[in-house]
Amino acid sequence: MKISYYPGCTLKTKAANLEMAAVASLAALGVEVEEIDRWNCCGAVFSLTADDLIHQVGPVRNLVRAKEQGAEKLVTLCSMCYNTLARANRIMQTDTVKRDTINRFMDEEIDYLGEVEVVHLLTFLEQEIGWERISEMVKVPLEGLRVSPYYGCTLQRPADVGIEPFGSFQLMTRLLESLGATVMPFAAADKCCGSYQILNGQDGAQSTAATILKSAAETGIEALATSCPLCEFNLGKQQGKLLANGLIDSAVPTYYFTQLLAIALGVAPESCRFDLNNGASVDLLKNKNCLVAA
Amino acid sequence: MTLTITDQAIALKFFEKLKELSGENVKLCMQCATCTGMCPMAAEMDHSPRKIMHLAQFGLVDMLSASNTFWKCASCHACTVKCPRGIDIAKVMEALRQQVLRKSKNYIEPSALPAERIEELPQIALVAGFRKLTS
Amino acid sequence: MCDVEKKAPQKTPRVATGDRAILPEGAKTIPVYIMGKRYEVPETLTIMKAMEFAGFKFLRGAGCRGGICGACPTVYRMAGDYKLHFGLACQTVVEADMYLAQIPFFPANRAEYKIEEIGGAAEAIHALYPELFRCVACNLCTKACPMDVDVLGYISALKQGNIKKAAELSFDCIQCGLCASRCMGEIPQYHIAQLARRVYGRYIQAQAAHLKARVAEIESGKYDAMLQDLSAMSKEELEKCYVEREREPDLASPGTWQPNEKQYL
């Protein structure tokens, strides 16, 4: 099987661990990943003002690229890219006035009428591979790893593009269970990490991140799994600062769900780029004897 | 006929603009404060999201423009999905931001960010932050 | 940019006056609008020559006149149409009913840096030009480029941390600045691309080993004596040397040819 894939800027640098682990996992599952040509930044956040169309042009241009290259589905990994592309796609599918204006503005491109479906990898895994098949393919079960899905905002909100209903975390739960992990319920699984407010003075984003991490530690959760590089930055890479400032008492390792999938499938740990996670993340997997390529 | 510009006249124009930009009717709000309860950034805000909706209902333009609430909003849509009146409050916040940004006023200055900070931040943080906080 | 020296002539001149273009015998004239004012100019001229023909004098905003220095970016529109077109005034031939304006300079931000200090990571470019992340992918930059550079492509590549791709995509850039003049993100694309090419050349591109070896030889003084000999020669001796010099045949396969005089090798 071959899929068309939109990576997103951060996955090429600071979140290379999200992408590389995904590509290696998909290869292990017999899926070939074809990155679309000439993609540009999706815009990261969806523009919410009714009259603003120029900020929809970026995501739509990527959908044009996918259409040009004959893709019916475009698979994404990053939650923010997924949300922005899917919401722009909704406009092109449902609002003919806006759609025509955007198409007229992009006079150097072919017309786009919402033909491509934007799919998050979690949805793809459920629909095209299936949890049972993944479970059969597991070579290094994540036994004893008490992990919780952390969805953040953009996988579920708003409802018309959410990968599942608000308050439900079934896709990642089923995935992690298939990998042999113990999935813990987590009250803060859909709380915002502070997002781009990290630019706007650190205090706000730090306090939201600290609340989420404390809640995880208090619940006995050993690790969080996410699909968003900004969540991973605010909750994971910033953890050292949170610990140093006394905002949290203990480290909670954070992973991309693709990394956990990869090691369970027996992909070589080097393909998961754990060097881009915080140190505690590697230690935990070593302690659980999960870091062995099968 | 003499047209007198009153607070009420200014407020009416404000309602029109807010509705045009956000597509939302703030007068539907029944002040239940579910939005405030859901908001992860409420502690950083000088007025809670509920209070911003109240100020907007009364067209208190000056108090609204002096508030930091919509600049602290992370567009997480936690308020939106739980509003019992179906108001997309994140869109109201965006409309309030845009009324300032469209006059070429930045809330944060990209060139004033320390180089070390830019180097460590993921690209989506910069793109998202600049979209929401710069004009 | 340019000053009007005198009004456009009523009749096209038959003789050259100063540095003004000479109208070929029997040439047809067409109307163009320069900054909104109508002039009749010969149809075969470039925009730059046509403006000079009309009496404008370029003090700035003209350079090589060969389409490579980037000094004469021009914006034009055809009467009756909304579409803006972009080109170089020294390369684009006038057409009837063109509305013309020159954009010889655009006040785009140019960061200061020391190339030997910033390192080869994309993050250094991000830190110098954070406005890169204000791109909305509207593609107006690419549409404005007179060199057909994929400007959005290299800006996207830089956001993705791919300096090599940005350097290669922007290779044909002549720094005219039309991209920046159209950018709603206020991004100085061409300056960022130049930085990317410099970082690529300094830190990423493979270094030529033979070049390094040759530079070391020069610095060690290997050729000083030869240079002194040449400097001491009279003009006649130098000419004789030049005429009698040995030349590698054009079609010799690489590395096969050797000169008879081997003392300088």
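Predicted model: local features only at pLDDT ≥ 70, side-chain atom pairs only at ≥ 80, totals over all residues.
Chain B contains nine helices and zero strands. The C-alpha trace of chain B spans about 60 × 40 × 25 Å along its principal axes. Of the 135 residues in chain B, 44% are buried. Among the contacts in chain B between residues at least 6 apart in sequence, 64% join residues at least 24 apart.

Chain B is divided into two domains, domain 1 covering 8-103 and domain 2 covering 107-135. The centres of these domains of chain B, taken over C-alpha atoms, are separated by 24 Å. Contact between them involves five residues of domain 1 of chain B and four residues of domain 2 of chain B. On the side of domain 1 of chain B that touches domain 2 of chain B, two residues are nonpolar, one is polar and two are charged.

One residue of chain B may be followed in detail. L18(B) is placed in helix α1 of chain B. Because 22 C-beta neighbours lie inside 10 Å, L18(B) counts as buried, the cut-off for a buried residue being 20 or more. Leaving aside neighbours within four places in sequence, the contacts of L18(B) are V26(B), A56(B) and A95(B). The C-alpha atom of L18(B) is also separated by 8.6 Å from that of Q99(B), although these two residues are 81 residues apart along the chain.

In the contact with chain A, 34 residues of chain B meet 35 residues of chain A. On the chain B side, at least two residues each are supplied by α1 (7-22), α5 (69-72), α6 (78-82), α7 (89-101) and α9 of chain B. The largest share of this side comes from α9(B), with nine residues. By class, the side of chain B that touches chain A has 19 nonpolar, eight polar and seven charged residues.

In the contact with chain C, eleven residues of chain B meet eight residues of chain C. The elements of chain B that give two or more residues to this side are α8 (115-120) and α9 (123-133). Here α9(B) gives the most, with four residues. The side of chain B that touches chain C has seven nonpolar, three polar and one charged residues.

In chain C, an open sheet of five strands has the order β3-β2-β7-β5-β6, with mixed pairing. Strands β3 (37-42) and β6 (84-88) of chain C stand at the edges, each with a single partner strand, so one side of each is left without a neighbour in the sheet. From one strand to the next, the twist of this sheet averages 35 degrees. Within the sheet, β2 (residues 29-34) and β7 (residues 98-102) of chain C pair in the parallel sense over three bridges. The bridge partner of Y33(C) in β7(C) is Y99(C).

The domain assignment of chain C gives domain 1 (2-102) and domain 2 (115-204). Seven residues of domain 1 of chain C are in contact with seven residues of domain 2 of chain C. To the side of domain 1 of chain C that touches domain 2 of chain C, β6(C) gives the most, with three residues. That side of domain 1 of chain C divides into five nonpolar residues, two polar and no charged.

In chain A, helix α11 (residues 257-264) has eight of its eight residues buried, so the helix is largely enclosed by the rest of the structure. The buried residues are F257(A), T258(A), Q259(A), L260(A), L261(A), A262(A), I263(A) and A264(A). Their cover includes the helices α1 (16-28), α7 (170-178) and α12 (279-287) of chain A, together with the strands β7 (223-226) and β8 (254-256) of chain A. Helix α11(A) is followed by G266(A), which has a positive phi near 85 degrees.

How values were computed:
Residues numbered from 1 in each chain as written. Chains lettered and ligands numbered in written order. Contact = placed C-beta atoms within 7 Å. Nonpolar A, V, L, I, M, F, W, Y, C, P; charged D, E, K, R; others polar. Pairing = 2+ DSSP bridges. Axes fitted to C-alpha atoms, helices over the stretch in contact; angles between N-to-C directions. Domains from an automatic or database assignment. Buried ≥ 20, exposed ≤ 12 C-beta atoms within 10 Å, placed from the backbone.
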